[in-house]
Amino acid sequence: MKKKHLIICALSIAFLAVGLGAGYFIDTSLQANRQAMGCNTESPLPAPELSEGIRGSQFGIDKNINETTIDDYLDRPDVVYRDMRMLKDPGNYEAIGGDSYLSGFVRGFEVVPYPYLVNVSDLPEAVGETYTGSTLFTQDSSGNYAANYTESLNILESLFPRDKNIFLMCGGGGYAGMTKDLLVKLGWDAHKIYNVGAYWTYTGDNNIEVKQADGSTVSYDFWKVPYHDIDFNQLHKVKKS
């Protein structure tokens with residue numbers, strides 16, 4: 001009976017998916033219908049646990065759910081997936097073996113640039129400075145965060161729903177760890193937030209390639225990227241006392 005239910009569930013989802021096309025966006029109504037049909041059979045996630053060594057101590061990357069295991073945890077309706085990189089970061093990440101461009105991403109992740117959320121500090125010296133424009137929050141020397149706009153917290157809650165588990169990824173794990181710190185200090189549940197590591201070392205089966213190389217010509221298909229921009233010109237600055 002269980003097998004028959006799973007077959008019906010899979011067929012129902014297939015019919016519901018008709019018309020969505022070949023894009024990379026997750027349709028929330030599809031997820032709702034999936035849950036209503038009793039298809040939400042995900043097992044509980046392992047609790048966040050730091051990796052050993054520098055991956056855990058410096059970057060805060062999770063031991064159980066990371067770039068080596070993330071394929072086993074995709075497509076869960078109880079999770080939101082966020083890649084924290086910029087499309088083109090001003091920092092010189094090539095100097096540390098990375099990529100300043102968002103050359104690809106793991107299927108299901110949506111891109112929310114961390115440098116738009118809060119001012120970036122403590123980058124490796126070789127990287128230099130990253131984005132220095134407007135941000136939703138400012139972090140002071142004591143590690144406290146202050147909103148720069150009256151809408152800042154509402155935007156953060158929209159991008160990172162408190163009632164979901166949150167998987168954070170970036171190039172090397174740094175931006176993801178910084179995002180977790182921001183969310184936890186602003187009241188999010190640390191037990192529901194996972195730094196799932198570094199795209200630069202991802203070798204799984206769900207890679208969406210953005211970088212295209214044709215001989216010496218390189219281009220980037222940024223149209224593939226589910227990207228969350230922030231129009232700071234439409235926001236209202238907090239009046240400083």
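Nine salt bridges, each defined as a side-chain nitrogen of Lys or Arg within 4 Å of a carboxyl oxygen of Asp or Glu, are found in a search of the whole structure. The structure is a predicted model, in which local features need pLDDT of at least 70 and side-chain atom pairs count only at pLDDT 80 or more, while totals for chains, interfaces and linings use all residues. Residues are numbered from 1 along each chain as its sequence is written, and side-chain values use heavy atoms, with hydrogens and water left out.

One of the salt bridges joins Asp 75 to Arg 107, with 2.9 Å between the closest N and O atoms. This pair links distant parts of the chain, 32 residues apart: Asp 75 is in the loop between helix H3 (54–57) and E1, and Arg 107 is in the loop between strand E2 (104–106) and strand E3 (110–111). Helices (H or I, at least four residues) and strands (E, at least two) are DSSP runs, numbered from the N terminus. Accessibility is classed as buried under 20% relative accessible area, exposed over 50% and partly exposed in between (1.4 Å probe, protein chains only). Asp 75 is partly exposed at 42% relative accessibility, and Arg 107 is partly exposed at 30%.

A salt bridge is also formed by Asp 78 and Arg 76, with an N to O distance of 2.9 Å. Here Asp 78 is partly exposed, with a relative accessible area of 23%, whereas Arg 76 is buried at 7%. In the salt bridge between Asp 181 and Lys 185, the closest N and O atoms are 3.9 Å apart. Both residues lie in helix H6 (residues 174–185), four residues apart, or about one turn of the helix. An α-helix has 3.6 residues a turn, so residues three or four places apart point the same way. Asp 181 is partly exposed at 30% relative accessibility, and Lys 185 is partly exposed at 48%.

Charged groups also sit over rings, the criterion being NZ of Lys or CZ of Arg within 6 Å of the ring centre and within 35 degrees of the ring normal. The charged end of Arg 162 is placed over the ring of Trp 188, 3.8 Å from its centre. Lys 88 lies over the face of Tyr 101, 5.2 Å from the ring centre.

The search of the whole structure finds 12 aromatic pairs. Rings of Phe, Tyr and Trp (its six-membered ring) pair if their centres lie within 6.5 Å; planes under 30 degrees apart count as stacked, over 60 as edge-to-face and the rest as tilted. Tyr 81 and Phe 167 form an edge-to-face pair, at 5.5 Å centre to centre and 90° between the planes. Tyr 81 belongs to strand E1 (residues 79–83) and Phe 167 to strand E6 (residues 165–170), so the pair ties together parts 86 residues apart in sequence. Phe 167 also pairs edge-to-face with Tyr 194, at 5.2 Å centre to centre and 70° between the planes. Because Tyr 194 lies in strand E7 (residues 193–198) and Phe 167 in strand E6, this pair ties together parts that are 27 residues apart in sequence. Tyr 81 is buried, as are Phe 167, at 0% relative accessible area, and Tyr 194, at 2%. Ring pairs link Tyr 81, Phe 109, Phe 167 and Tyr 194 into a cluster.

In helix H5 (residues 152–159), the buried residues are Ser 152, Ile 155, Leu 156 and Leu 159. Seen down the axis of H5, these residues fall within an arc of 100°, so they line one face of the helix; the arc is that of the directions from the helix axis to the C-beta atoms. Asn 154 and Ser 158, on the other side of H5, are exposed.
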